[in-house]
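The sequence and structure come first, followed by the points by topic.

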Amino acid sequence: MELAVAMLLILLSLASWCVLSEGRLLVDMTLVSDASNIGAFCLDGSLPAYHLHRGFGAGASNWLLQFEGGGWCNDIQSCLDRAKTKHGSSLYMNKLEDFNGILSNDASLNPDFYNWNRVKLRYCDGGSFSGDAKFDNGTSVLYFRGQKIWEAIILDLLPKGLGNADKALLSGCSAGGLSSFLHCENLYRALPTNTSVKCLSDAGFFLDERDITMNYTMRTFFENLVSLQGIEKNLDKTCTSFLDNPKLCMFPQYFLNYMTTPFFILNTAYDVYQFHHALVPPSADMNGDWKRCKLSIASCTPKQLDILQGFRGDMLAALSSFLKDSTSGGMFINSCFAHCQSETQETWFALGSPSIQDKTIAEAVGDWYFSRNISKLIDCAYPCDASCHNTIAQVQMLLVS
């Protein structure tokens, strides 16, 4: 009897998994077995990983690489804590990854890239795949080897077809979107000269912005990150030689104009991560005056809305030369209160997706990549965009999950 009940529970569990998996593309994880040869390790010393779903048909020789996001760690304690999670160790990563949005293999959901080889690079270094250092105090060891992880994954993929790619698109969201900025030129150099290489950053245009108390909270955070993880030597050399403070070259606004590979910037002008962590970080709102505004934009006071409009103005100013002078660049800057819009189907390409001039994000990116149309779109200021459907509270839940 107990055996029968156990078998029934197993069958029900399998049936439940099949229902949950129906219509979803779940892709196996691949550990980079040779990564240790070049010293490429996650924070805890485990091997780095990625998920690959093969392309087919006309897209069989095209490749889309997407950096996973997930914040950063910029001091020893936060990195030790991170090393015990999926963002610091492949031991804790889910072995199956859900591919949707820009990674979907459904032509009706991802019309331009559905049949490409699509790769998700798992994030386990805490430094946007850019560090090269090691911490060892005799008791604890941390590997800050993001740059090596990037190199190891590329070396693993080259003989699997990436080395013969006709077209390639490097993408990423949040910390992964910053990685796209940082590694775009690297991918171009790693592939044959006849490969069409382009890059996309989603919610990765982090601003060097003062917070509401006039402190450079995000700047200090990035400076500590660069110092801890040995990132400075991997930043754009033209930028680091030009700025008095080379650590600022972690911010895309300072090296964007030096990039030569075609680039698309997807960002909201009211990026929720930057709103909550750069513009109004907890340290700048000890009394909780912004708590209600952070939960719902409808609860913001007129003064708070003015500050948010000022943040939008600063972002557009930082992008002005790219907008005006870049002949190969693309842009989709909308006015939603969101963070990351290419990874989820409802914001990438679906009925009711965010749009500018009746064009969805997927359509704008596709137009840019395939040179079908000029694709530099900037939304009017909040509250004009009726296509936005992400609330701050929903996004905040995603940010802390």
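P383 sits in the loop that runs between β14 and α14 (392–400). A cis peptide bond connects Y382 to P383, with omega at about 15 degrees. The model is predicted, and a search of the whole structure finds eight disulfides.

**Backbone**

- F129 has a phi near 60 degrees, which is positive although the residue is not glycine.
- F129 belongs to the loop between β5 (117–121) and β6 (133–136), and its relative accessible area of 0% makes it buried.
- S371 also has a positive phi without being glycine, in this case near 55 degrees.
- S371 is found in the loop between α13 (361–369) and β14; with 60% relative accessibility, S371 counts as exposed.

**Helix α10**

- Helix α10 covers residues 302–318, and its 17 residues should span 24 Å at 1.5 Å a residue; the end C-alpha atoms are 24 Å apart, in agreement.
- The buried residues of α10 are Q304, L308, F311, R312, M315 and L316.
- Viewed down the axis of α10, the buried residues lie within an arc of 135 degrees, so they line one face of the helix.
- In general, an α-helix has 3.6 residues a turn, so residues three or four places apart point the same way.
- Exposed residues P302, K303, D306 and A317 are carried on the face of α10 turned away from its buried side.
- Packing partners of the buried residues of α10 include the strands β10 (263–268), β11 (330–334) and β14 (376–378).

**Disulfides**

- C184 and C199 form a disulfide with an S to S distance of 2.1 Å. The torsion about the S-S bond is about 90 degrees, so this disulfide is right-handed. It links distant parts of the chain, 15 residues apart: C184 in helix α4 (residues 175–190) and C199 in strand β9 (residues 196–202). Both C184 and C199 are buried.
- C239 is joined to C249 at 2.0 Å, S to S. A torsion of about -95 degrees about the S-S bond makes the link of C239 and C249 left-handed. C239 lies in helix α6 (residues 237–242), and C249, 10 residues apart from it, in the loop between α6 and α7 (252–255). Both C239 and C249 are buried.
- C336 and C388 are joined at 2.1 Å, S to S, and the link is left-handed, with -85 degrees about the S-S bond. C336 is in the loop between β11 and α12 (345–348), whereas C388 is in the loop between β14 and α14, 52 residues apart. C336 is buried at 1% relative accessibility, while C388 is partly exposed at 23%.

Key:
Residues numbered from 1 in each chain as written. Predicted model: local features only at pLDDT ≥ 70, side-chain atom pairs only at ≥ 80, totals over all residues. Heavy atoms only, no water. Helix = DSSP H or I, 4+ residues; strand = E, 2+ residues; numbered from the N terminus. Expected span 1.5 Å × (residues − 1). Buried < 20%, exposed > 50% of the residue type's maximum accessible area, 1.4 Å probe, protein only. Arc of directions from axis to C-beta. Contact = heavy atoms within 4.5 Å. Disulfide = S-S within 2.5 Å.
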